[in-house]
Amino acid sequence: MSLATRAIAEELMDADDLSPATYAAVVGDLAKVNGVTMAARPTLDFLRRGTAGMKRFRLLDVGYGDGDMLRRIARWAAKRGLEAELFGVDLNPRSQAAATAHTSADLPIRYRTGDYADHAGEGWDFIVSSLVAHHMTHDQLIAFLRFMDRESAAGWLVNDLHRHGFAHFGYPLLATLARWHPIVRHDGKLSIARSYRPAEWSPILAEAGVQARVYRAFPFRLCVEKLCAQPPR
């Protein structure tokens, strides 16, 4: 498979006929992949900078999957004495059951099934996503960028993969050694092929009419962020 252009094939985990048990196993292993690949690091660094001077914040995570990113954010905020109100929304109804089962009830996280666009006007400080942008069509991504830019008072972050040859050819070996679910092995490589390269973001941001910073994060993450000047809360 050439990486010169983005792949457009559908991922197996998006199949409508996937059973809830299989889906839960897949997103559970994806959470393990995120742990091994340090996926939370750029999101937590973004929040570290974005919450400077703040005492509390309200965050929307779009496409939460297993909820692992929200759990990391909740624990990160608690360690710093920050009052966090965390809300996740995911189109896939199987995500809510899987994330709820893996989340301690004492964490300040609410999971819902539905469209992020239905949560406009709800006073978000931050809107984040992880491994979601490459699942969207071009038009969906443009609309998502405009939504985040309009609805986040303090900033937004797209945390996604970098379409990089080393990651694309090395991931199958890592996934096999780790014995992750076969769907995770298949979709992980495809996800890398569906993701973006840094130069591809500039025309997308221009079309959306938003200004943001595009940067790489070790290892093989490509992030797009906007931080706004925000009075401390």
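I began with a definition: a residue counts as buried when its relative accessible area is under 20%, and as exposed when that value is over 50%. I also noted that the model is predicted.

**Entry: strand S7**

I looked up how well strand S7, residues 221–227, is covered. Five of its seven residues are buried, so S7 is largely enclosed by the rest of the structure.

Next I looked up its partners. Strand S5, residues 152–161, runs antiparallel to S7, and seven bridges join the two. I followed one of these pairs: Trp156 has Lys226 in S7 as its bridge partner. Strand S6, residues 213–217, also pairs with S7 in the antiparallel sense, over five bridges. In S7, Arg221 stands opposite Ala217.

**Entry: strands S1 and S2**

I asked myself how many residues of strand S1 are buried. S1 covers residues 56–62, and six of its seven residues are buried. S1 runs parallel to strand S2, residues 83–90, and seven bridges join them. Here I noted that Phe57 has Ala84 of S2 opposite it.

I wrote down one general point for reading strands: in a regular strand, side chains alternate between the two faces of the sheet.

**Entry: salt bridges**

I looked up the total, and the structure holds 13 salt bridges. I went through some of them.

The side chains of Arg56 and Glu83 form a salt bridge, at 3.7 Å from N to O. Arg56 belongs to strand S1 and Glu83 to strand S2, so this pair ties together parts that are 27 residues apart in sequence. Arg56 is partly exposed, at 35% relative accessible area. Glu83, at 52%, counts as exposed.

Asp66 forms a salt bridge with Arg71, and their closest N and O atoms are 2.5 Å apart. Are these two buried or exposed? Asp66 has a relative accessibility of 3%, so it counts as buried. Arg71 has 8%, so it counts as buried too.

Arg110 and Glu85 also meet through their side chains in a salt bridge, at 3.2 Å from N to O. This pair links distant parts of the chain, with Arg110 in strand S3 (residues 109–113) and Glu85 in strand S2, 25 residues apart. Arg110 is partly exposed at 35%, and Glu85 is partly exposed at 36%.

I also found a network: Asp45, Arg48, Arg49, Arg213 and Glu225 are joined by salt bridges that share partners.

**Entry: charged patches on the surface**

Which residues make up the patch of positive charge? I listed Arg72, Arg75, Lys79 and Arg80, which gather on the surface.

The negative surface patch is formed by Glu10, Asp14, Asp16 and Asp17. Glu10 lies in the segment before helix H1 (20–36), and Asp14 is found in the segment before H1 as well. Glu10 counts as exposed at 58% relative accessibility, whereas Asp14 is partly exposed at 33%.

Last, I looked up what Asp14 comes up against elsewhere in the chain. Asp14 and Asn92 are 78 residues apart along the chain, and their C-alpha atoms are separated by 8.3 Å.

Conventions. Residues are numbered from 1 along each chain as its sequence is written. This is a predicted model: local features need pLDDT of at least 70, side-chain atom pairs count only at pLDDT 80 or more; totals for chains, interfaces and linings use all residues. Side-chain values use heavy atoms; hydrogens and water are left out. Patches are made of residues with over 30% relative accessible area and no salt bridge: like charges are joined within 9 Å, nonpolar side chains (Val, Leu, Ile, Met, Phe, Trp, Tyr) within 5 Å. Accessible areas come from the Shrake-Rupley method with a 1.4 Å probe; for residues, only the protein chains shown count as cover. A salt bridge is a side-chain nitrogen of Lys or Arg within 4 Å of a carboxyl oxygen of Asp or Glu. Lys and Arg count as positive and Asp and Glu as negative; His and the chain ends are not counted. The place of a charge is taken as NZ of Lys, CZ of Arg, CG of Asp or CD of Glu. Buried means under 20% relative accessible area, exposed over 50%, partly exposed in between (1.4 Å probe, protein chains only). Helices (H or I, at least four residues) and strands (E, at least two) are DSSP runs, numbered from the N terminus. Two strands pair if DSSP finds at least two bridges between them.
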